[in-house]
Amino acid sequence: MNSNLSHTEEPLLRIEHLTKHFVSRSGSILRKNHVKAVEDVSFSIYKGETYGLVGESGSGKSTTGRTLLRLAEPTSGKAYFEDRDIFSLPSKALKALRKDMQMIFQDPHSSLDPKKRVGYSIAEPMMIHGQGTKKERQERVFELLERVGFTAQHANRFPYEFSGGQRQRIGIAKALALQPKLIVCDEPVSALDVSIQSQILNLLIELQSEYRLSYLFIAHDLSVVRHIADRIGVMYLGHLVEQAPTDKLFTHPLHPYTQFLLSAVPAPHPKLKKERIILQGDIPSPLHPPSGCVFHTRCPYAMEVCKQVRPVSLEISSGHSVQCHLYNDQAEGKDF
Amino acid sequence: ESTGHQSSEQETEETTPVSGGTLDIAYPANPATLDPHLTTNQATRDVSRNIYEQLLTLNKNYEVVPQLAESYEISEDGKTYTFHLRQGVTFHNGKEMKAEDVVASMEKWLSTSTQGQANLQGAQFSEVDDYTVKLTLEKPSLVGSYILADTSPFPGIMPKEVIDTAGPEGVKEFIGTGPYKLEEWNTDQYVHLNKFLDYAGEETESNGLSGKKNAYLDEIYFRYVTDESTRVAGIMTGEYDVAFGIPFDNADQIEGTDGVSNYFSEGGIVTYVFNKKAGPFSDQKLRQAFNTALNYDEALTAAYSDSRFYELDSSLALTSQTDWYSDAGAEQYNVNDIEKAKQLVEESNYDGEEVVILTTRDYPEQYNLAVVAQEVLKSIGVNAKLDVYDWPTVQERRTDENNFDLFAVSFATRATIHQYPFLESSANYPGWTDSPEIDNLLGEIQAAASIEEAKPLVEQLNEKNWEYLPIIKLGNIQNLIAVRDNVKGFDDLVGPILWNVSLDE
Amino acid sequence: MAKYILQRVLSLIPILLVVAVVVFLLIHLTPGDPASVILGDEASPESVAELRAQLGLDLPLYQQFISWFGGVLTGDLGDSIFMDMSVTEAFFSRVQPTLSLAVLAQIIAVVIALFMGILAARKRGTLADQAVMGISLLGISVPSFLLGLFLILFFAVELQWLPVAGYRPISEGLWEHLRYLLLPAIALGAMQAALIARMTRSSLIEVLSEQYIKTARAKGLKEKIVVYKHALKNAFIPILTVIGETFGTLITGASVIETVFNIPGIGQLIINSIERRDFALIQGSILLITITYVLLNLLIDLLYGLLDPRIKLNRR
Amino acid sequence: MISDKPIKIPAGNTLRRYWTNPLLATGTILISLVTLASLLAPWITSHDPLAIDTLNRLKPPSGEHIFGTDNFGRDVYARVMYGLRVSLMVGGAVTLISGILGLLVGLLSAYYSLCDHILMRICDGLYAFPSILLAISIVAIMGPRTFNVIIALSIVYIPSIARIVRSAALVIKEKTYIEGLRAQGAGPFRIIGLHILPNVLSPLIVQASFIFAVSILTEASLSFLGAGIPAPSPSLGNLLLDGKNVIFNAWWMTVYPGTCIILMILGLNLLGDGLRDFLDPKTKARKRLKKNNISNKTGRELHESDSTFGS
Amino acid sequence: MSQTPLLEVRHLTTIFPTETGIVKAVDGVSFHIAPEETVGIVGESGCGKSVTAESIMRLFDEKTTEYRGQIIYNGVDLLQLSEEKMRSVRGNDISIIFQDPMSSLNPVYTIGDQIAEAIMLHQKLGKSQAKRKAVQLLSLTGISDPEERLHAYPHELSGGMRQRVMIALALSCEPRLLIADEPTTALDVTIQAQILELMNELKSTLRMGIMLITHDLSVVAQMCSRVIVMYLGEVIEEADVVTLFDHPFHPYTLGLLKSVPQIEGVRKGKLYEIKGTVPQMDEVSNSCRFSPRCPFATEICRTSPPALEEASDGHRVRCWHYKEIAANGGAEHELEFEPY
Ligand SMILES: Nc1ncnc2c1ncn2[C@@H]1O[C@H](COP(=O)(O)OP(=O)(O)OP(=O)(O)O)[C@@H](O)[C@H]1O
Ligand SMILES: Nc1ncnc2c1ncn2[C@@H]1O[C@H](COP(=O)(O)OP(=O)(O)OP(=O)(O)O)[C@@H](O)[C@H]1O
Ligand SMILES: [Mg+2]
Ligand SMILES: [Mg+2]
């Protein structure tokens, strides 16, 4: 982490113009409503890198992750893992791909089958993919359990015998079982106590350096993302409004929304009573997103153009891009 | 012995009946139709006999007497009957009854009545004048007049125009000449009868179904109450004045309740019917084995609770039907000898097939007898099972000889032996009696010139019946009717007679 | 809303088709036919066959089905063989007693059950709670025909407070009407009452542990207001579901109760029609019952919407 | 907020938890007694439940016939014991058949939306269909065999099981671990069979115990309407019906089978209620709290709740 | 303490009986809140924060719950009040806001009804007056077109709006003390900022004391003047906010502060971990409750429970070793801040 990766190599995962609309049947069978959960999102993740995705609830972070794993079918867009086109893989190849991409979920309580011993849950991915003999799988389960800080005996316990943080560690072991290259972490620590959260974060970081894993790390807690991510994408109402290396984003946030977001985080020390700018209003409904720039309804700098024209992504400096009309000139000049 | 007797002492102090009032009757089954020509159903008979009258009817000794006919003559050769109609008889719709109505009614009855077709071969009714009707037959019949006086399906006389509009399910309007007219029929709930004010009946003394009909009551309600316990509870609390179909086990209960008494009516004969066409009982020996093993008392007690409600008697006719009574063949009756029965099984062709006893819980007596039969058969090493269905299913299933071997059923009293459907092969009654001897005997009786001449034949018929065993006649039975004490003059002959009933206020 | 209702009503069509086929086959494959019922026990097979032919019952089944269902599609359910009226008329002539019975039974059940359920929920774990739950268990354990008979024996025969059986339409006076319906309604409602009481209790217990109940208490409201105003309305949805479901089993229940108490309602009509194989009437009644059932459920779903503003009427 | 501490539940605890649940214990004992009595009937009584002795009909309870005799002079005690057996058999078989088929229908419709549309429409139709007609017809078409009564009742109860299973499965289906399995490439068989199925078993079992009780009652009602277990087999329904006709003069024919049916159904209902408490994770949480003094989440989780009782 | 406290909690113990034994969810907690003061209560999940809050309002079922100690408000012990008197305190003198704004509002009544209900109850106003007041309250909390919102059902509002409604409801009778039980946990950062801002404003306009329960130390840092740290039902440290952040004495507080990733300053490679998980109560009944996880634990910690000691003026701590930790550990605990 925090290593200055030079992205000379090909990205592990490349997402181009990903769009996902849900059909919502509220109202009647006759008229379908589209929930525009993800709109034209593009980013890449490199090997050994952590890409953080932040944004308010409902901004489409989880949907992005789920679509990548083909848990939801994309509306349009492309995604390449290594050089495999994720969205057009036939089911057999898809199954093979799934060995390389795993997921860790937010809620440790519902992410393990309560009726199955944790050893079974950890071994199940291997069973699905027909890996190893029973004996080998057992060995691997023990190995994994030890790697996340348990002993082999824990394999015979049921999930309810574990606390939330412990379950989250089991979830990690399960995700590691197939030796994936990329793990989508959907808010893996949001449900945990502060003192447990640090245990999990440390574990994730250790594992990354050990196995050269890549993470797509979804979270709404900015300090956590700042801690773990190399690059960060900020989402607002389905749009990736800003994308930058972590330090750059925190020191020079460009998009007004990012600025507000950072300002909203309370300072961690009483002496740092910072002058906060409070963002007014709520995030609009993704059923009827605003025209033009989706943020213009809450943006104090909104101009006439923002209401009509959707801003395009502008690369302001290397690796730092933003979707905002305020920077139209600067992008042209590229002098930021 | 009289046909009915009321067990209370009310008959001793006879007072003049009061006119007026409403009689509420709890009756177990709703009639499928009120057209008396169509059906042998008792529910139909019991209601429609108040609405319709016949040319001929029965007195309490089961003798044929004229009713709507003033008189009638039978020609020497027995092939022509001439009926002189009573004049001034009006239908409930106000129209006077004329010969055309009678002819139309009788023709319609003939076309549906199994009895009529079987016993009045080639019968032809014709109008002589407005008040005279002639019936011609191909062959003379000793039982002809009895058939015409049949109680169900009975040839009630109705207006011609009503008959002209009748469909396959019978007439649509129920108009007769009887003492009560139909006010309203609310299917499954009640039949409401009203006094027919223009009733022109006979003036002779009431006797059985004949004679004077007083119609004291203003209204009669037949209320259809299917649940026995509810009928019993209802008569006990006075909700009803008369309740039919009282379970025999409740007789003492009724007797012990103030204000209600039991009334026993002639219930006809009760029988086991064998399937003689197919299956184990097509073997006469096995039928005899069952009959020999049977303990009649036990069977009848199971069905009718105690000896008050049945009478052991081997004859096909009731003791009161002197013309037809005969105890010939009684040595086969109630033998109750298991050993001999087992021997008979040995002699028969029976080799362990399962005997199917078809029955229904809709009629508890039938069911109880079926249960007894099963036990009896078991005791002589015959393997038997019960097939219990609802009544319509039983009715349909028993038309197929492969569906059953035995069922128990009772038959309402008939004026002649011929009217029982189980004797003649041509009747095709389930069980399919196929005995040329019995058919011959029935034919000879019909052809006999007089009752006296027929007497020995009747004896032979009874004898033959007990040998061939188309059925087993278990005995004569009583129906149990509960009557409130304020109901006076209740009588019964093959069904209730209500036109002389009055209510004390 | 209107669209939603339309949608639900349209969903009737497949249900009705399923029911129509099933009921038709069931009835027609069942032995027994109206001809032999009309002609009586001793009728000859020939005359039965003749009447069958005249009634059109000897046609191949599919022909009978087509002619019947064709009629159904045009709204004509056919004519009853035994009742000398159309099926629709026959059905509606019997609706009133069953409706009265069902409504009264349901009212009795709901009133008793709510009372008991609330009591049990509020006094959870106490003797009162256990007593209520015990009684409601008993309520589920006694066959209704037996309960009906006991009620007759005690209230009608022994005490003579109420009539044994029968029915008086409302036109003969409300009191008379109710007098005759009271016992059967109790017998019919007992099971429902037990089920609803249990549901009330558990649902209320669940709701009483909700956060907004704490909020209500934190406002300083009286416990009574908390329970009756804030909790009950929320607890009512699962109760309503049970009420709706018990309506579904009502016809079987009514068949038994109407037989015991001799009430000329739909239950009795169906039983009697089965007994005499009044084909068109059975088929028609069942279709009408199905429609009623679906509409009732629709009504209940609409009620959900009234009770709980969160429920948008587009589930399913 | 999730407390972060391991929770240990000793293995033997489950059994103790079972027997310390008063509902469950009482229900189990009642049902065991009833079952035992019915199984041991041939040894407990020397009377044949079918042997008729019409000369001794309707005799009140005595030393010879401790429950008296019925209208055929049959021993009521023997009949009640055998009746229990028949009723238990019918209830058990109906529960089993409708349980398995209902489970299948419920799972399929929860997982495949096409199945859902078709199967649930059929279930709706069945639900609105008077069970009595179904039973009478099936018995009339296929013959009055105990088996056919079982079939008829099973069909009647499939929809109610299917609904319960379906709604439980829909909840499970949304759980993250199911999504996780899909993410790992698990097929529908694995997901439905190995993961959804075990998790819908508790509501299924609870509903099944209710169906068990109700089917015994319905059989009794069917007997009353003439479509139940074919007599003379002594089902409790048949016995009650026999008794009903002579209720004025032979109370013992109603009271004994009546008491038995009530006890049995009481037992089954207690068992059902008890199982619900026992299987409900929320009550598990409560018990856990007792063990550990401190527990998860807020107080609201601690409240016992019984889930739907639907019928 | 210059002012007389608004509320003083003395040795509050809340006991829940369960079938196998009693649960002391809150065990001998003492603290006080002055008027216009915001006191923060922090601690891990399940440590008894909510139970403390609800005990002050006496919201538990009193047939089964036992309270010990005293809660002095306005000179009277709330625990001694009759139920009826207590009802007039609830919502009137002391109000509470819960964590989850969705489940805290009754879903079947409009928010207008729910606010007006409390006003009508305590201020004896008529319905229309109460509604008018409700409108005022809603606009006070920054809700736009409040007249219209009055007729909205809770589910029609967003989380932030609902929490504003909850605040309006809590403020309806101008309470002297507002208990806020994790009021922003369920909300997004931008909304959280709005709500915290609002509470701060209202505190000064309405001059009330606030008891703010949270597990988020940053929130405490921004909002509170004094902090109480709880662990397993006990208060383990109490200090004014700056002291607590700069010189925490208790190892748990220390660990907590160190294990949070920082939003500012240098990103460190590895976070501090408090080892292990919260133990069960019976495991620590005769010891310091933090000892199983404490890096400083010695024999004494495992054999006898420490008392809450006054380490310096207004700084209380429950630890056998706080002096040593203050001497070296405290110094080690330095956070580098780069002003933003
Ligand atoms: N299966 C679905 N059907 C319809 N709409 C959906 C579905 N899943 C998500 N959405 C909608 O898509 C939008 C984005 O949801 P998503 O879960 O991706 O947000 P998120 O950023 O992960 O939020 P959170 O922080 O709350 O997890 C939301 O408005 C959500 O309501
Ligand atoms: N009604 C109750 N009966 C029994 N135990 C209870 C009850 N309410 C709470 N508890 C227990 O008391 C302890 C303290 O709970 P409390 O809700 O106060 O924790 P908290 O600090 O508010 O946690 P969180 O941050 O999760 O809200 C917990 O172990 C809880 O299980
Ligand atoms: Mg998400
Ligand atoms: Mg809390």
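This is a predicted model: local features need pLDDT of at least 70, side-chain atom pairs count only at pLDDT 80 or more; totals for chains, interfaces and linings use all residues.
**Around ligand 1**

- Taken alone, ligand 1 exposes 630 Å², and the protein buries 64% of that.
- Two elements of chain A each give two or more residues to the shell around ligand 1: strand β2 (33-45) and helix α1 (61-68).
- With three residues, α1(A) supplies the largest share of this shell.
- How many residues surround ligand 1? There are 13, and the closest are A:Gly58, A:Gly60, A:Lys61, A:Ser62 and A:Thr63.
- If you sort the shell by residue type, you get four nonpolar, six polar and three charged residues.
- The side chain of A:Ser62 has an N or O atom 2.5 Å from an oxygen atom of ligand 1.
- A:Ser59 takes part through its backbone: one of its backbone N or O atoms is 3.2 Å from an oxygen atom of the ligand.

**Aromatic rings**

- Over all chains, a search of the whole structure finds 52 aromatic pairs.
- One of these pairs joins B:Phe264 and B:Phe309, with 5.4 Å from centre to centre.
- The planes of B:Phe264 and B:Phe309 are 80 degrees apart, and the pair is edge-to-face; it counts as edge-to-face because the angle is over 60 degrees.
- Why does this pair tie together separate parts of chain B? B:Phe264 lies in strand β13 (residues 260-274), while B:Phe309 is in the loop between α9 (296-304) and β14 (310-311), so the pair links parts that are 45 residues apart in sequence.

**Charges over rings**

- In chain A, look for A:Arg169, which lies over the face of A:Phe150 at 4.8 Å from the ring centre.
- In chain D, the charged end of D:Lys173 sits over the ring of D:Tyr111, 5.9 Å from the centre of that ring.

**A buried asparagine in chain B**

- You can find B:Asn291 in helix α8 (residues 284-293) of chain B.
- B:Asn291 has a relative accessibility of 1%, so it counts as buried.
- What does the side chain of B:Asn291 meet? One of its polar atoms lies 3.0 Å from the backbone oxygen of B:Gln332.

- Most residues other than glycine have a negative phi, which gives you the background for the next two residues.
- B:Asn334 is not a glycine, yet its phi is positive, at about 55 degrees.
- Where does B:Asn334 sit? Its place is in the loop between β14 and α10 (338-347) of chain B.
- B:Asn334 counts as partly exposed, at 23% relative accessibility.
- C:Asn262 has a positive phi near 50 degrees, and you will find this residue in the loop between α12 (250-261) and α13 (266-276) of chain C.
- At 10% relative accessibility, C:Asn262 counts as buried.

**Chains C and D**

- What secondary structure does chain C have? The count comes to 14 helices and zero strands.
- The C-alpha trace of chain C spans about 80 × 55 × 35 Å along its principal axes.
- Chain C has 316 residues, and buried residues make up 63% of them.
- For chain D, the count is 12 helices and zero strands.
- Read from the N terminus on, the elements of chain D run α-α-α-α-α-α-α-α-α-α-α-α.
- Buried residues make up 65% of the 311 residues in chain D.

Key: Residues are numbered from 1 along each chain as its sequence is written. Chains are lettered from A and ligands numbered from 1 in the order in which they are written. Side-chain values use heavy atoms; hydrogens and water are left out. Rings of Phe, Tyr and Trp (its six-membered ring) pair if their centres lie within 6.5 Å; planes under 30 degrees apart count as stacked, over 60 as edge-to-face and the rest as tilted. Helices (H or I, at least four residues) and strands (E, at least two) are DSSP runs, numbered from the N terminus. A charge sits over a ring if NZ of Lys or CZ of Arg is within 6 Å of the ring centre and within 35 degrees of the ring normal. A residue is near a molecule or strand if one of its heavy atoms lies within 4 Å of it. A polar contact is a pair of N or O atoms within 3.5 Å; within protein, one must be able to donate a hydrogen and the other to accept it, and residues adjacent in sequence count only if both atoms are side-chain atoms. Accessible areas come from the Shrake-Rupley method with a 1.4 Å probe; for residues, only the protein chains shown count as cover. Ala, Val, Leu, Ile, Met, Phe, Trp, Tyr, Cys and Pro count as nonpolar, Asp, Glu, Lys and Arg as charged, and the others, Gly among them, as polar. Buried means under 20% relative accessible area, exposed over 50%, partly exposed in between (1.4 Å probe, protein chains only).
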